[in-house]
Amino acid sequence: MRIVFIFFLILSSISLFGQNYIIPKGEYMDTTLITSPNCSPPYTLYYYDVKAKYPDGSLSILNDTKQYLKKTNNTYVGTGYITFRFFINCEGVISRTKVMQTDENYKVTHFEKKFINDLYGFLLTMDKWKKNPTIYDIKNANYLSFVSFKIKNGEVIAIIP
């Protein structure tokens, strides 16, 4: 029982956002693919294949991002782009998030971990992803999507797309 309790303490002390995995194909926030028995197998479909663009516009997402980051009371540095590419399962749940970071000249760089974690935290608040999309004979499809944050001097100035 004591070992189980110690194991639980160790697991509960692990930061939700601190789980980055760097492999030859890129950097991931987590490598778990959240599936559901209600969803089709994970084909490689993109959001535009299933007409699943996020319903809020870029300006609205930008304003929400700024409000979210303001609440963290953190300051950030750097200029460039932080892009999150992720799967959305048929129930609208984000998983298997890949992080791509470039400077303003599109050269690979790394921003501060707290900045990445805070943006990832915001990404997880985006809960209006299309659910149960269908394409051809595939019902309840899973799909890939992405969000890019344009950064200037530590401030998010644009959302792409």
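A: Lys53, Tyr54, Phe146, Val147 and Pro161 lie nearest the centre of the largest cavity, and they are among the 15 residues that line it. The elements that give two or more residues to this lining are α2, β5 and β6, with β5 giving the most, three residues. Its volume is about 120 Å³, and a search of the whole structure finds two cavities of 30 Å³ or more. A cavity here is a set of points on a 1 Å grid over the protein atoms alone where a 1.4 Å probe fits but cannot get out, and lining residues have an atom within 4 Å of a point; grid points are joined across faces, edges and corners, and a volume is the space filled by probe spheres set on the points.

This is a predicted model, in which local features need pLDDT of at least 70 and side-chain atom pairs count only at pLDDT 80 or more, whereas totals for chains, interfaces and linings use all residues. Residues are numbered from 1 along each chain as its sequence is written, and side-chain values use heavy atoms, with hydrogens and water left out.

The protein chain has three helices and six strands, arranged along the sequence as α-β-β-α-β-β-α-β-β; these are DSSP runs numbered from the N terminus, with helices (H or I) of at least four residues and strands (E) of at least two. Of its 161 residues, 40% are buried, that is, under 20% relative accessible area with a 1.4 Å probe and protein chains only, while exposed means over 50% and partly exposed lies in between.

The largest pocket, an open set with protein on both sides within 12 Å along at least five of seven lines, holds about 150 Å³ of space. Its lining consists of Lys66, Leu69, Lys70, Asn74, Thr75, Tyr76, Gly154, Glu155 and Val156, and α2 and β6 are the elements that give two or more residues to it.

Asn142, in the loop between α3 (113-125) and β5 (143-152), is buried at 6% relative accessible area, and its side chain reaches the backbone nitrogen of Cys90 at 3.2 Å. Asn140 lies in the loop between α3 and β5 as well, but is partly exposed at 25%, and its phi is positive, near 55 degrees, in a residue other than glycine. Asn153, in the loop between β5 and β6 (155-160), is exposed at 63% relative accessibility and has a positive phi of about 50 degrees although it is not a glycine.

Key:
A polar contact is a pair of N or O atoms within 3.5 Å; within protein, one must be able to donate a hydrogen and the other to accept it, and residues adjacent in sequence count only if both atoms are side-chain atoms.
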